[in-house]
Protein chains: 2
Amino acid sequence: MYPFLRKTALLASSAITAVTLSAQTNDTRPNIILFMVDDMGWQDTSLPFADEKTPLNERYHTPNMERLASQGMMFTQAYACAVSSPTRVSLMTGMNAARHRVTNWTLEKNKSTDIKSDVLEFPEWNINGICQVPGIPSTYEVTSLSQLLKNSGYHTIHCGKAHWGAIDTPGENPHHFGFEVNTAGHAGGGLASYLGELNFGNRTDGKPSPLQAIPNLEAYWGKDIFATEALTLEAVKALEKAKNLGQPFYLYMSHYAIHIPIDKDKRFYQKYIDAGLSEKEAGYASLIEGMDKSLGDLMDWLVENDLEQNTVIIFMSDNGGLSSSAYWRDEPLHSHNAPLNSGKGSAYEGGIREPMIVKWPGKVQANTKCNSYLIIEDFFPTILDIAQVKERKTKQPIDGISFMPMLKDSSYKHNNRSFYWNYPNLWGNEGPGIGPTCTIRKGDWKLIYYYETGKKELFNITDDIGETKDLSAQNPKIVKKLSRELGKYLRNVKAQRPSFKATGKACPWPDDAP
Amino acid sequence: MYPFLRKTALLASSAITAVTLSAQTNDTRPNIILFMVDDMGWQDTSLPFADEKTPLNERYHTPNMERLASQGMMFTQAYACAVSSPTRVSLMTGMNAARHRVTNWTLEKNKSTDIKSDVLEFPEWNINGICQVPGIPSTYEVTSLSQLLKNSGYHTIHCGKAHWGAIDTPGENPHHFGFEVNTAGHAGGGLASYLGELNFGNRTDGKPSPLQAIPNLEAYWGKDIFATEALTLEAVKALEKAKNLGQPFYLYMSHYAIHIPIDKDKRFYQKYIDAGLSEKEAGYASLIEGMDKSLGDLMDWLVENDLEQNTVIIFMSDNGGLSSSAYWRDEPLHSHNAPLNSGKGSAYEGGIREPMIVKWPGKVQANTKCNSYLIIEDFFPTILDIAQVKERKTKQPIDGISFMPMLKDSSYKHNNRSFYWNYPNLWGNEGPGIGPTCTIRKGDWKLIYYYETGKKELFNITDDIGETKDLSAQNPKIVKKLSRELGKYLRNVKAQRPSFKATGKACPWPDDAP
């Protein structure tokens, strides 16, 4: 309410008393950028996460990931779930997917995305995702990571993909989880188009836009700009504001890249064609390098604004690279995460092992590598540790364990810890390790149990990263021990499982199967 | 993350299992719409709040306010502060302005909006407004009404003017106070233009827009639409979303209308010209009727969506009508709130008495009038009562008292309660009762104390609503008693006061002055 008459505005404003005060506050906690890439495989980078540089590392160009790794710590055994919503919900809640039951990807209210099976009936999982309030059907009510960060005084920024809750449920909107800024986050987990020329998939003829059209980027409609760049510009805008507020910030930079559709990021496409890649594969490589450019732009912004020293950057992907689609990818199927087997949607390493890097000046040693393993729900307590959040009362139990000790000492290992996955669903695409499964990793060993067939596979991940040699027949005792532990865990967290249509009976838990 | 190949999307989606579940929840608490108008005087309506219909009531047309009053309870002695930010901060915090110290309007960071005086030095009030985090200079850290509502499970929608915190401080952004939706709320308390044709004041030539350009309405830029209507359309959009979420909603419909600039709302302008009003006054009348149309549209939406019965509507204004500006208004200055004296910025009733109506089907008796008095900070506990919010822990003490008993019984009065105002600032415009003052109302009596001159005025409001007869000379005991109570209160809440430039000494409190 400015009281001045228009006429006298100039006079009045010059008469205003200027009181100059320091904008400094006592809150010196670090800023945090969680840079989350979508559908990025462990090998979709020039940065070698395997023991040696692979042909895929030679193919892709991610200079900013290399720069980030040279300033921080790489994690070679960082796990997520095999599809998006389960991973993202575990990140937001600290729960294992077996417990939160958002085991498959979400989109429409009260509609399961499970593909129908002739053999199996799938359980009533939380098809509407998570929620911040009680009483919403098919959701898990939670206190989210972002809400706790906001409550503790962080300025919370969401930019990009959310994918925690179905359309027209409270969980669809990042603002409902304590994010103070939201650009482009909604129920959708994919995108209709990367192209500003195509309004990122939004229709302007009055007809409804596809559910996966990217929201909030109207300012770029009709322009020659790629979604990755538009989101980066929006993130920088939010940071420009954030730096003045006197609060530490949490930026969840959650790219839609490198999810299909594999549109061509023209800034980088031609060089991959020139290098001999097919159109599809050059397009994919351009998606990767566009994403890497965004990382570099944010890193540059921190340097230019003198915020580099007090900002933690965490780089992560939500699941493995898409490798089961001849429509979108060239070259042999299930080879796109080599040396890992299979890709997105699979219980194999190609579906769940992620490229991860943490930079934290003065705290995390530069140019280091940590081979200890961790899983996506560990991000929840770790980020709260980084943010020094004391008030951590949550509606849900927390399964994750902070990996802060690894950040301090790359050789640190959580003693004897096991990791669990549960996917009592049917994704749709076909390929090795893709289907309704539950899985345990413990030390060198990994056991996968297929609900439909009762088949068990045992791999020594340390010796056989490609999961090519099923050692279950030779190691019945290990199979039995891991089956027991997995079954016990799943029952304990009230996990769900499919049932057989023919008999109506539930599929046996792994330790009840022969 | 939709996993389907484009090619097979149709097949896949037809195979999706449809699980139909009720979206009903157990949360039956009422929806709440707080319809807040800016700078609207007590007489800027065809609804008579005085004992009889006045010439101004004959002039203006507000059929929807009449409709609302016929379905609810009018309040004839509802008070706010004389300018915007103090009122809005009291609403958001439950504190009296003397305590929260956001005693004048806010805009730019670390800049006081006080006009310079040759005689007085003004105190360092909270020129940056309120804030949800500690440590931000010149702010009061609070737990806001909207945050408590969000925490309790309400879906919180902000549409229109905010005006709680300065630019580049956390308080500028409604999202920081727990609002999950925000359209057009920011640090600005005025507006550069109502006209879509002028992009609501936003520049498109790359040069910075005026600070008071309305944000977030890009979709209406260049179109023939008035801001009042654009905001209403956005509010309805938010309600359309809200009705599906399974939560009760709180809509803070906070119009920029009827603040200057007095642009012409073409939908209603001509009829007032035809009725013989001047251009300025016809423009003003059109602002009012455009605002009233918005109220009607929201009421219609509730009926059409079968939400009328469980929705509370509270109608209020933030301060009196602007009456001190010959540039914006025709007809004699300080007459525009008649029978009340003066207008916006004044300690007189014209500055602080507001048109207020509450509709609550089944709870508040229709077509009733309550003459008990209440003040803006009372909205805080009342709205929490309506929303049945149990968790009310706040960082700030609460001065407001719930007027729920009045809603249940229009004859209810808070026994012997006093009301206080403190304005140790200089607004700029001139007129009766405008200047650095503090004020007490107790029963029929109202005492105003002028910091600069030490002058005291005493009015019997019940007998002399127009504050034309200063009875201080005839009633020294009442003056003394009210001065003592006011001084005691101000000291108790650590209120601020100006000091004299000549001596550096603070102006006396009212009970220390002769």
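1. Ground rules. The model is predicted, so local features need pLDDT of at least 70 and side-chain atom pairs count only at pLDDT 80 or more, while totals for chains, interfaces and linings use all residues. Residues are numbered from 1 along each chain as its sequence is written, chains are lettered from A and ligands numbered from 1 in the order in which they are written, and side-chain values use heavy atoms, with hydrogens and water left out.

2. Second largest pocket. Its volume is about 1,400 Å³. The lining counts 37 residues; A:Asn151, A:Glu391, B:Gln147, B:Asn151 and B:Glu391 lie nearest the centre. Two elements give two or more residues to this lining: helix H6 (145-151) of chain A and helix H6 (145-151) of chain B. By class, the lining has 17 polar, 11 charged and 9 nonpolar residues.

3. On a 1 Å grid over the protein atoms alone, a cavity is a set of points where a 1.4 Å probe fits but cannot get out; a pocket is an open set with protein on both sides within 12 Å along at least five of seven lines; lining residues have an atom within 4 Å of a point. Points are joined across faces, edges and corners, and a volume is the space filled by probe spheres set on them. Helices (H or I, at least four residues) and strands (E, at least two) are DSSP runs, numbered from the N terminus. Ala, Val, Leu, Ile, Met, Phe, Trp, Tyr, Cys and Pro count as nonpolar; Asp, Glu, Lys and Arg as charged; the others, Gly among them, as polar.

4. Largest cavity. The whole structure holds 5 cavities of 30 Å³ or more. The largest cavity has a volume of about 190 Å³. Its lining has 21 residues, with A:Cys81, A:Ala82, A:Trp421, A:Asn422 and A:Tyr423 nearest the centre. Strands E14 (418-423) and E15 (437-442) of chain A each supply at least two lining residues. E14(A) gives the most, 4 residues. The classes are 11 nonpolar, 9 polar and 1 charged.

5. Second largest cavity. Here the volume is about 150 Å³. Of 18 lining residues, B:Cys81, B:Ala82, B:Trp421, B:Asn422 and B:Tyr423 lie nearest the centre. Strands E14 (418-423) and E15 (437-442) of chain B are the elements that give two or more. The largest share, 4 residues, comes from E14(B). The lining has 11 nonpolar, 7 polar and no charged residues.

6. Salt bridges in chain A. A search over all chains finds 73 salt bridges (a side-chain nitrogen of Lys or Arg within 4 Å of a carboxyl oxygen of Asp or Glu). A:Arg88 and A:Asp38 form one at 2.8 Å, N to O. A:Arg88 sits in helix H4 (residues 84-93), A:Asp38 in the loop between strand E2 (31-37) and helix H2 (55-59), 50 residues apart. Both are buried (under 20% relative accessible area; exposed is over 50%, partly exposed in between; 1.4 Å probe, protein chains only). A:Asp38 and A:Arg88 also belong to a salt-bridge network with A:Lys161 and A:Asp318.

7. Salt bridges in chain B. B:Glu197 meets B:Lys266 at 3.2 Å, N to O. The two lie in separate loops, so the pair ties together parts 69 residues apart in sequence. B:Glu197 is partly exposed at 33% relative accessibility; B:Lys266 is exposed at 54%. B:Arg353 bridges to B:Glu349, with the closest N and O atoms 2.7 Å apart. B:Arg353 is buried at 4%, and B:Glu349 is buried at 0%.
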